[in-house]
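Please view the sequence and the structure below, then read the points by topic.

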Amino acid sequence: MSGSSPRLFLRHNALPLLAAAIFALMFGLYLALQPNGIRTDVLVTAANKGVLLALIASAQTLPVLTGGIDLSVGAIVVLCNCLASTLLSGTPTQIAFGVAATLCGGLAAGMVNALAVVVGRLQPIIATLATSTMFYGVSLLLRPNPGGDIDDDFASALTGAVGGVPVSLLLLLAIVLLLWLPFRRSLTGRGLYAVGSSEASAYMSGVKVARAKACAYVGAGLLSGFAGLLLTLVAESAQASAIQAGDLTLNSIAAVVIGGTSLFGGVGGIVGSILGAFILRTIGDLLFVLSAPPLWQPMFQGLILLGAVSFSALPTLRARNRLETYR
Amino acid sequence: MSEAAAGDQLPPLLTLSGIVKRYGQTVALADGALRCEAGTIHAVMGENGAGKSTLIKIISGVVSPTEGEMRLDGRPVRFKGPGDAQAQGIVCVFQELSLLPDLSVADNICITAPPRRFGLIDRAAQIAQARRLLALVGCEAIDPRERVRDLPLSRRQMVEIAKALGRKPRLLILDEATSALTADDVARVVTLLKRLRREGMAILYISHRMHEIRELADRCSVFANGRHVQTFEAGARSEDEIVRMMIGRELSQMFPPKPALPPGGAPVLETRDLAWETRLRGISLSVAPGEILGLGGLDGQGQREFLLALFGCLSGVTGEIRIDGVPSEFASPRQAMGEPQRLALIPEDRKTEGLMLPMTVAENITAATLSRWRRGPLLNNAAEREAVDEIVRRMQIKAVVDLPVSTLSGGNQQKVAIGKWLLAGPRVMLLCDPTRGIDVGTKQEIYRLLRELAAAGTAILLYTTDYDELIGVCDRVAIFYAGRITRLLTGDGITEAAIIAGALDIGADQKEQAA
């Protein structure tokens, strides 16, 4: 960061830094308690699950930054999962085409959302709830019955490890470095934050408001497409499941909040959401290695989630001016 | 310079003629006309609701006129939006700040066209550019990496001006841009504007402050009731004539007379060594029933925090607050407004803290006294409506009470914000800059109301950045400096010289009250 000032950096990034510390702590504990020791396959399994949610949380972050929300990210993942399950086989060319088509599917779904929110001026929460059901409907048409035909070599290559490092983690890193960081420093990226911070002021400042918002939903579609692709490769099958779609969406919102992105928009970023996603995933693994009674696990998971989310309320507790609590 | 000299041959930078703007049935602007030339400062005056804001919005591309013609450099133009107007060199510093609170100062200043390298925003260059522009407006002390949210209002206003200059305007519009500024900053802005005029910029200056207009303007245009009344060279009309044009009636006297004898009696509210964080460093004051106590000094010296502390908005306040001599503590506004003290606070920002904008005028007026209009578990509409009508009449609020308060002009909105607390019958009224950005007529009504309330026994604490108000309205004035009170002025001792000396904490001939 150019022109760095440690004081301001700490103040502006307190929540993501806190999330990083919590994740390090939890994952360290998990590795220590892990009965099989630290082995590559343990890391790969953890990484694949974590990266899947991290991608969906990243997708969710973009609309949330504009002060909106995308309730359809889970459904887009399922849609792309069903799409990929019919395309990822055959010759390398055919597989490459399948990958591109899957990502385009995500993009197209994002465009539908952008159209509804930006052109249709519908409220994001209700617009994406509606499109979410649409996307689920399309998934059902694509794959009425669970299953899929996925090239084994391709799947294991992308869900394995290279030199001890999980490939999925490398893909996530590439997305952050090659897509997110440059985007954040682009005019449209700045517009995203501006719109979330105060849409009226952004408009009055000549910021391209419509473009920024549209970009958020289309970007969310694309990142959900990546997630759908990964899900297909990990599961090597697909199922048009509304329950799974809903689950993924809700977890993505939780991860975004844990990562320090404000649901009011304008503050936060994808890096925090990725940490949030990893925290969320580790909770389950941790309960497992601690051999918590299975019937109690969901309740514990909820409790820990509540605890993690309340960290994002910490700055409000510190406010000495009570008015700030209500802003 | 050559452009300004050849002004006669060149068409004027911007001309407007016969501009009409209707919103449904309402006519916001009936006949707008204006002519802006390079190298001149053109003042636009008029009461709130006179059509100035609409005119500005049309010029800066925020709204499109219903009828009429706008010419830029002699050619007809029609702006598609603020971005379009800015691209043509028309930049506006809005009264409602157009800053993005979550972004840094540098991000805000460079929002539309940040310096880029390889297509990406170049942070270092951006910070350098922000530093340069902040220096231009004399605000080197602002760190460009700071978030705008963390800056006080007066600093934000300066950032807003710096941001406007960064767009290299040909026509700069300042809409009440000085209303939140300290006297120091105003002086800086005045110097800056004079320099920009020399460099050939056209400036449109909207202000309610007559002395700023007297100092700056080359030409003045007066608007009233949505119409352009007159344009004249600066100095061609007396101030009385101008005010008559603006309000269509004589401005008998700005301030109501003060009582001959200062109000005495036991203080209703006292503070001893009130302190909070670094902003309040031991404030000891008392205010008697019927007294108007002014809080003066530069902006941000703790006056605001003092009022917030009294109203239970701050936690961790040390020292003592006494009501009728009894030590009291308020943990929330709800406690502060309770019996027996019945405090009321008219907050600084009426749009976020004073009013609930989407709710109706009536709902806003009864918001602080809801429990009174209850019958069983439900609200008693008849009683509520009666109370609302009473306040509307008393405050002379010009509005349909069932419309959202957001549809009202600034002056009427402020009347609603004050009327809400009038209904509560406060014993102590705290006001935080209640006349900011409000027209002369409404200001006068507010002054008269404050004096009436005082005559009926209300104790009033008034924080204002306007020296004339401190002198004209207040019985005593406490000057704040860095969280302390440096001077306590009374009676004839309340002079501009004494206020300024106290505000800058110079010539400490009177002993410091706070130890």
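**Overview**

Chain A has 15 helices and two strands, where helices (H or I, at least four residues) and strands (E, at least two) are DSSP runs numbered from the N terminus. Its radius of gyration is 20 Å, close to the 20 Å that the globule rule gives for 327 residues, so chain A is as compact as a globular protein of that length. The radius of gyration is taken over C-alpha atoms, and the globule rule is 2.2 Å times the number of residues to the power 0.38. The model is predicted: local features need pLDDT of at least 70 and side-chain atom pairs count only at pLDDT 80 or more, while totals for chains, interfaces and linings use all residues. Residues are numbered from 1 along each chain as its sequence is written, and chains are lettered from A and ligands numbered from 1 in the order in which they are written.

**Dimensions and domains**

- The C-alpha trace of chain A spans about 60 × 50 × 40 Å along its principal axes.
- Chain B contains 18 helices and 24 strands, and its C-alpha atoms fill a box of roughly 75 × 50 × 50 Å along the principal axes.
- For 515 residues a compact globule would have a radius of gyration near 24 Å, and the 24 Å of chain B agrees with this.
- Chain B is assigned domain 1 (2–247), domain 2 (253–342 + 426–515) and domain 3 (359–423); such bounds come from an automatic or database domain assignment.
- The centres of domain 1 and domain 3 of chain B, taken over C-alpha atoms, are separated by 35 Å.

**Helix packing in chain A**

- Helix H4 (residues 73–87) and helix H11 (residues 209–235) of chain A pack at an angle of about 50 degrees, with their axes 7 Å apart. Axes are lines fitted to C-alpha atoms, for helices over the stretch in contact, and angles run from 0 to 180 degrees between N-to-C directions.
- That angle makes H4(A) oblique to H11(A); angles under 35 degrees count as roughly parallel, over 145 as roughly antiparallel, 65 to 115 as roughly perpendicular and the rest as oblique.
- The residues in the contact of H4(A) with H11(A) comprise ten nonpolar, seven polar and no charged. Ala, Val, Leu, Ile, Met, Phe, Trp, Tyr, Cys and Pro count as nonpolar, Asp, Glu, Lys and Arg as charged, and the others, Gly among them, as polar.
- H9(A) packs against H11(A) at about 95 degrees, with axes 8 Å apart, which makes H9(A) roughly perpendicular to H11(A).
- In this pair, A:Thr188, A:Gly191, A:Leu192 and A:Val195 of H9(A) meet residues of H11(A) including A:Val209 and A:Arg211; two residues are in contact if their C-beta atoms, placed from the backbone, lie within 7 Å.
- The contact of H9(A) with H11(A) has six nonpolar, two polar and two charged residues.
- The axes of helix H13 (residues 270–289) and helix H14 (residues 297–310) of chain A come within 10 Å and cross at roughly 145 degrees.

**Where the chains meet**

- In chain A, 26 residues are in contact with 30 residues of chain B.
- On the side of chain A that touches chain B, the elements giving two or more residues are helix H1 (6–12), helix H9 (187–197) and helix H10 (199–204) of chain A.
- The residues on this side of chain A divide into ten nonpolar, twelve polar and four charged.
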